[in-house]
Amino acid sequence: NTLVLTEESTVSVVASIGNCTGESETLTVSYTTPPNPGIQIIEGTLNFCEGENATLSVTETYGSYQWYNENGIINGATESSIIVTEAGSYYAIVTDLNSSCEGETFPITVTTNDNPTINVETSAYPVCLGEEVTLTAMGNYENIQWYKDGIIIFGEVNNTLSVTEGGNYDAEASNNDCTATSEFLLITFNDNPLVELNSLSN
């Protein structure tokens, strides 16, 4: 008394009791193709620095949206796009506008990079003209570049810098494409005393 259909069909049922028969009305069964949504990046990249973000969006228009990550449903994420600030795997389940059919996007993976940390320390200071101050960059970074008065000091890419001229010094550290800049250090040098010798005559 049941029939399972797997394709579009037009069906009717004929029933009989003894020599008596009856036929149902004709019923047409159709199927709606489920949504096949995709995800695109409309702002940012899939690999960004800590503190940045990326905007993901479902590529087509549907009746409803729900975003998920590897931990499950993302509460409140029911728009066609989502701003992500953390690493993870993200996907969306959508509902067709004209039916209750659902479709799921392929997951998209977002990665984040740690920002470098940097702090500059000085050797004994202040000093006199002709002497030297050593700046040392402390922190977690892969590459470094020193600056004086906001201008790059070419070739100074080590964690220490020998300073013999007054000015504002800072260093920019980088990990991959993530950067951090130290605070400015104003380095000054004290003038040496001027000594004059006068001869004494009797």
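Is Cys-128 buried, exposed or partly exposed? In this predicted model, Cys-128 is partly exposed, with a relative accessible area of 29%.

Figure 1. The structure holds one disulfide. A disulfide is a covalent bond between the sulfur atoms of two cysteines. The link of Cys-49 and Cys-178 is left-handed, with -105° about the S-S bond. Distant parts of the chain are linked by this pair: Cys-49 belongs to strand 6 (residues 47-49) and Cys-178 to strand 21 (residues 178-181), 129 residues apart. Both Cys-49 and Cys-178 are buried. Cys-20 has a relative accessibility of 56% and therefore counts as exposed, the cut-off being over 50%. Cys-128, at 29%, is partly exposed.

**Figure 2. The edge-to-face pair of Tyr-62 and Tyr-65.** Two aromatic pairs are found in a search of the whole structure. A pair of aromatic rings is described by the distance of the centres and the angle of the planes. For Tyr-62 and Tyr-65, the ring centres are 6.4 Å apart and the planes stand at 75°, so the pair is edge-to-face. Tyr-62 and Tyr-65 are both buried.

**Figure 3. The stacked pair of Tyr-68 and Tyr-91.** The ring centres of Tyr-68 and Tyr-91 lie 5.2 Å apart, and their planes are at 10°, so the pair is stacked. Tyr-68 is located in strand 8 (residues 64-69) and Tyr-91 in strand 11 (residues 88-95); the pair therefore ties together parts that are 23 residues apart in sequence. With a relative accessible area of 18%, Tyr-68 is buried, because the cut-off is under 20%.

Figure 4. A polar atom of the Asn-175 side chain lies 2.7 Å from the backbone nitrogen of Glu-142. Leaving aside residues up to four places away in sequence, Asn-175 touches Asp-114, Asn-115, Pro-116, Asn-140, Tyr-141 and Glu-142.

**Figure 5. Gly-150 in the loop between strand 17 and strand 18.** The loop holding Gly-150 runs between strand 17 (143-148) and strand 18 (151-152). Gly-150 has a relative accessibility of 51% and counts as exposed. Gly-150 and Phe-184 are separated by 34 residues in sequence, while their C-alpha atoms are 9.3 Å apart in space.

Terms used:
Residues numbered from 1 in each chain as written. Predicted model: local features only at pLDDT ≥ 70, side-chain atom pairs only at ≥ 80, totals over all residues. Heavy atoms only, no water. Phe/Tyr/Trp six-rings, centres within 6.5 Å; stacked < 30°, edge-to-face > 60°. Buried < 20%, exposed > 50% of the residue type's maximum accessible area, 1.4 Å probe, protein only. Helix = DSSP H or I, 4+ residues; strand = E, 2+ residues; numbered from the N terminus. Polar contact = N/O pair within 3.5 Å; in protein donor to acceptor, adjacent residues only side chain to side chain. Contact = heavy atoms within 4.5 Å. Disulfide = S-S within 2.5 Å.
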